[in-house]
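Colleague: I've got a structure open and I'm trying to learn how to read it. Could you walk me through it?

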Amino acid sequence: NKNLVLPPGPPKLPLIGNMNRLLHPAPHRALNDLAVEYGPIMHLKLGFISTIVVSSADAAREIMKTHDNIFSNRPKLVAPRILGYNYSDIAFAPYGSYWRQLKKICVLELSTVKSMDSTRFIREEEVKLLVESVSESLEPINFVERLFALNHDIITWITFGDKFDDELRFRLAIREGTALAAGFQIGDFFPSLGFVAKLTGMNRRMEECLVELSSIMDKRIERHVDRRKIEKPQRECLVDVLLRLQEAGGDLDEPLTTDNIKSVLLDVFTGASENSSNIVEWAMAEMLRNPSVMEKAQTEVRQVIGEKVNPTVEETDVTKMSYMKMVVKETLRFHPPVPLLLPRESMERCKINGYDIPSQTRVVINYWAIARDPASWKDPNVFNPDRFQNETKDYRGHDFEYIPFGAGRRVCPGISLGMANTELSLASLLYHFDWKLASGEKPQDLDMNETFGMTCYKTCSLRLVPTLRYPIST
Ligand code: HEM
């Protein structure tokens with residue numbers, strides 16, 4: 001419509017529009033460069049898709065608060081169609097009663113104070129096992145792999161109430177699914193040309209991965225179904241709660257299927273495993289490069305734990321580690337795990353800052369750009385945990401300069417769990433071990449490049465040599 005006043009943006013090429021501007025290993029950086037030229041609300045044409053890119057806290061507030069009711073839908077992308085059982089997961093379910101009910105369950109079962117209390121022993125037990133296994137390792141360790149395994153084990157125990165013999169198989173399948181769903185899929189930009197998506201072979205690989213994931217989850221869910229036939233569990237895990245909803249129907253328009261349950265579980269697994277591991281890896285890399293930060297964090301952690309009769313890190317101790325928490329907060333600003341949040345789609349036409357946004361426009365919030373905006377942050381390109389000393393900005397979605405978990409109706413439902421996993425594992429690894437880089441690498445030469453995927457991870461995984469300082473007490 002020629003009468004629309006769209007936000008400014010770069011000139012569009014025929015067919016591909018502005019896709020060429022996204023050919024960058026870190027598209028959030030490329031989009032940030034464009035925003036410097038075209039402003040905090042930009043219009044791009046990505047293939048056939050009209051897209052608005054938002055790069056300032058004020059503009060993000062307009063989308064995620066003032067007009068949150070209009071922008072609470074998600075676009076229909078290829079990966080969640082295949083790996084999310086036709087958009088029946090929480091992250092990509094259309095805005096509506098199905099999404100609302102499942103998200104509520106997810107928050108109640110995983111992230112309330114009560115549920116966090118009841119699962120605390122799981123996190124503490126699993127972190128202890130990690131410390132033991134790291135103590136025994138004779139070789140340098142792949143740091144992020146160990147953390148991924150830790151977070152996977154924690155979420156398995158919380159969701160299935162148990163751990164299983166085929167855990168490694170499941171973990172590898174989850175990793176592969178996350179990697180396949182990562183980044184931009186060509187089919188997402190040319191949806192009407194179905195053959196384009198098939199050209200890359202990605203659809204077939206995702207379908208094969210789903211068969212593997214499904215068969216593992218089916219077996220586990222069947223065990224719960226069989227057990228529930230004999231007696232209803234006294235302590236319900238997430239799978240039990242979802243099966244109860246399936247039996248009772250709840251307020252859902254249609255009965256909950258086993259595929260729906262599996263899609264929710266996959267969301268929970270991907271949310272819980274990948275993000276916390278990446279945050280701890282980035283935090284460790286930054287501390288190795290900034291020894292004074294490492295020293296300050298370790299001194300604090302060791303002081304808090306040193307005063308205890310039983311010297312292991314428990315969650316109640318973490319509340320006393322204000323500097324270590326500041327390191328995590330700064331990592332969420334400087335290396336956001338989900339730099340472009342998850343895309344949204346407008347449900348009706350509206351006006352933002354005088355620009356027209358038509359219905360069904362894709363909206364990308366560049367949180368990476370917001371978190372490095374000099375208008376909101378002093379020296380934004382410096383890693384400095386001390387900036388949070390007198391900083392009241394909170395990450396739960398109220399301060400739009402700092403939204404690592406998103407905001408509004410679509411905010412992450414796993415904030416408390418994700419932060420608890422992150423802080424407890426980082427504090428424990430700092431307490432029990434001293435760390436140095438493997439193979440004589442110098443901290444200043446560390447490759448700090450990131451690869452953009454579903455989450456933003458370190459391109460070169462850290463390989464570290466731990467030196468045990470305080471063994472785990474039995
Ligand atoms: C520290 C770790 C985590 C980070 C940084 C993170 C970040 C995010 C972000 C940025 C979003 C998109 C929000 C938006 O669109 O506004 C999101 C959504 C989501 N996250 Fe997380 N997340 C983390 C942990 C978790 C955990 C532990 C779970 C599961 C228990 C989880 C489950 C989800 C789900 C289901 C959604 C979709 C919500 C919706 O569309 O309504 N996340 N997360």
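Colleague: Which residue stands opposite Asn142 in strand 11?

Modeller: Arg463 stands opposite Asn142 there. Strands (E, at least two residues) and helices (H or I, at least four) are DSSP runs, numbered from the N terminus. Two strands pair if DSSP finds at least two bridges between them. Strand 3 (residues 141-142) and strand 11 (residues 463-468) are antiparallel, with two bridges. Strand 8 (residues 433-437) also pairs with strand 11 in the antiparallel sense, over five bridges, and here Lys436 sits opposite Val465.

Colleague: How far can I trust this, and how is it numbered?

Modeller: It's a predicted model, so local features need pLDDT of at least 70 and side-chain atom pairs count only at pLDDT 80 or more, while totals for chains, interfaces and linings use all residues. Residues are numbered from 1 along each chain as its sequence is written.

Colleague: What is the order of the open sheet of four strands?

Modeller: The order is 1-2-7-4, with mixed pairing. Strand 1 (41-46) and strand 4 (344-345) are at the edges with a single partner strand each, so one side of each has no neighbour in the sheet. Strand 1 runs antiparallel to strand 2 (residues 49-54), joined by six bridges, and Leu44 has Thr51 as its bridge partner in strand 2.

Colleague: Which helix gives the most to the shell around the ligand?

Modeller: A residue counts as near a molecule if its C-beta atom, placed from the backbone, lies within 6 Å of it. The ligand is surrounded by 28 residues, with Gly271, Gly406, Cys412, Gly414 and Gly418 the closest. Helix 12 (258-289) gives the most, with seven residues.
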